[in-house]
Amino acid sequence: MRKKIVAGNWKMNMDYNEGLSLFSELINMVKDEVTGKQQAVVCSPFIHLHSLVQLSKGYTKFSLGAQNAHQAESGAYTGEISAKMIRSVGAEYVILGHSERRQYFGESNDLLAKKTDTALKHDLNPIFCIGETLQERESNKHFDVIKNQLAEGVFHLDETSFGKLVIAYEPVWAIGTGVTASSAQAQEIHAFIRKEIASKYNQQVADDTTILYGGSCTPKNAPELFAQPDIDGGLIGGASLKSRDFVDIIKVYNS
Ligand code: PEP
């Protein structure tokens, strides 16, 4: 059975103290209210990671992740953070290929393939983001875009390495816009992603891959989205900054 995951992406929000108090609040709420087998992940800015890992010690419901990692092992890359550094503070995940990184920092599929390799080498589980722009959807190119992002970004991996990935489908037109993909639109792409994985690897690998939906997910629309057969949870931006909303989304998977 593949894992159900609800991951929060704090983006460039929360100063150090704000982040610690939000996370403490989340832990207390989740301890009281979450009853299922779902996994919660918080992808915070780098400055919080070490402290959040310490706060989550002994409590397996929460894992921590970073939002980016450099492709090189180490060296003269002023201002960058390596996968090894992230792993060394106890984080287990890293978001790679978020559309904001692709758009504002020019991250290509080729570069993301390298980042994926380095992250895996250091025992981080990439949450690998893919998704089309509005223009690509309107010109009916969305399936090709997704296919290409998978082929160039992650399909060079062998089966074992691929098994460590979480895929996040995030239509760019739905991120931070308040416009959500309909559950039918999201399910259609998730099923397509799973089919692509099955043809590259095999049906078992496809069935075991957790595929998250991201894009203006809220406590209101999450139940219908998460009920789709190929949607295994969410990557949550804005709503992950509000403890009540984030916990309510996590609770969609309560048993
Ligand atoms: C995201 O940044 O990954 C995201 C899905 O953002 P939002 O939920 O705010 O649309």
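Predicted model: local features only at pLDDT ≥ 70, side-chain atom pairs only at ≥ 80, totals over all residues.

Residues are numbered from 1 along each chain as its sequence is written, and side-chain values use heavy atoms, with hydrogens and water left out.

**Stop 1: the ligand**

Select the ligand and the 14 residues around it; K11, E170, G176, S216 and G238 come nearest. Here a residue counts as near if one of its heavy atoms lies within 4 Å of the molecule.

Which classes make up this shell? There are 4 nonpolar, 8 polar and 2 charged residues. Ala, Val, Leu, Ile, Met, Phe, Trp, Tyr, Cys and Pro count as nonpolar, Asp, Glu, Lys and Arg as charged, and the others, Gly among them, as polar.

Next, select K11: an N or O atom of its side chain is 2.7 Å from an oxygen atom of the ligand. Move to E170, where a polar side-chain atom lies 2.7 Å from a ligand oxygen. The protein covers 96% of the 290 Å² of accessible area that the ligand has on its own (Shrake-Rupley method, 1.4 Å probe).

**Stop 2: helices α7 and α9**

Select residues 142-153 for helix α7 and residues 183-200 for helix α9; they pack at an angle of about 40°, with their axes 11 Å apart. Helices are DSSP runs (H or I, at least four residues), numbered from the N terminus. Axes are lines fitted to C-alpha atoms over the stretch in contact, and angles run from 0 to 180 degrees between N-to-C directions. The two helices, α7 and α9, are therefore oblique to each other. Angles under 35 degrees count as roughly parallel, over 145 as roughly antiparallel, 65 to 115 as roughly perpendicular and the rest as oblique.

**Stop 3**

**Stop 4: helices α1 and α2**

Finally, select helix α1 (residues 16-33) and helix α2 (residues 46-55), which pack at an angle of about 30° with their axes 10 Å apart. α1 and α2 are therefore roughly parallel to each other.

Conventions
Polar contact = N/O pair within 3.5 Å; in protein donor to acceptor, adjacent residues only side chain to side chain.
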